[in-house]
Amino acid sequence: MIIEKKYPLPPFTEATAEEKVQLAEDAWNSQDPEKVSRAYTVDTEWRNRSQFVNGREEVVAFLTDKWQKEKNYKLRKELWAFSDNRIAVRFEYEYQNAQGQWFRAYGNENWEFNAHGLMQKRYASINDLPIAANERRL
């Protein structure tokens, strides 16, 4: 039996927590749902805004739908806190909807990892702010 691992592994240090956050940012900016999903356990649990997502298959479907709706997506994540197998991040991302309106989304995520470095829980609180194209920062 092959055991999936996603380095760095917990328990996290400041350096490995920063690395985990950067790897997540890079993966999400790839806008590749399959690639992103591989960072999560097969039975991962998410709360994203008011939506609940369970398992990798639902993650792929969720992200596919997200990036079809959110054009020109660009994300930045920042380590907020960490301990043992948990990391908290704050983030902002910008995107454009089908009508061409730009938005900046702000939020916080709480992550919990298994011993193999795969994220088993992700809880995200997110707010969107309409912005003008000349207000973009990312």
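This is a predicted model: local features need pLDDT of at least 70, side-chain atom pairs count only at pLDDT 80 or more; totals for chains, interfaces and linings use all residues.

Residues are numbered from 1 along each chain as its sequence is written, and side-chain values use heavy atoms, with hydrogens and water left out.

Helix H1 covers residues 14–30. The expected span of a helix is 1.5 Å times one less than its number of residues, so the 17 residues of H1 should span 24 Å, and the end C-alpha atoms are 25 Å apart, which agrees. Buried residues (under 20% relative accessible area, with over 50% exposed and partly exposed in between; 1.4 Å probe, protein chains only) in H1 include Lys20, Glu25 and Trp28. After H1 comes Gln31, with a positive phi near 55°.

Next, the hairpin. Strands S1 (residues 40–48) and S2 (residues 51–54) run antiparallel and are joined by 4 bridges; strands pair if DSSP finds at least two bridges between them. Asn48 has Gln51 in S2 as its bridge partner. The hairpin has 2 residues between its strands, and Arg49 in the turn has a positive phi of about 60°.

Now the rings. How many aromatic pairs does a search of the whole structure find? There are 11, where rings of Phe, Tyr and Trp (its six-membered ring) pair if their centres lie within 6.5 Å, with planes under 30 degrees apart stacked, over 60 edge-to-face and the rest tilted. Trp46 and Phe62 are edge-to-face, 5.7 Å centre to centre with 80° between the planes. That pair links distant parts of the chain, Trp46 in strand S1 and Phe62 in helix H3, 16 residues apart. Both residues are buried. Phe91 and Tyr93 are stacked, at 6.1 Å and 15°. Phe91 counts as buried because its relative accessibility is 3%; Tyr93 is buried too, at 2%.

Finally, charges over rings (NZ of Lys or CZ of Arg within 6 Å of the ring centre and within 35 degrees of the ring normal). Lys77 lies over the face of Phe91, 5.2 Å from the ring centre, and Arg122 lies over Trp46, at 4.3 Å.
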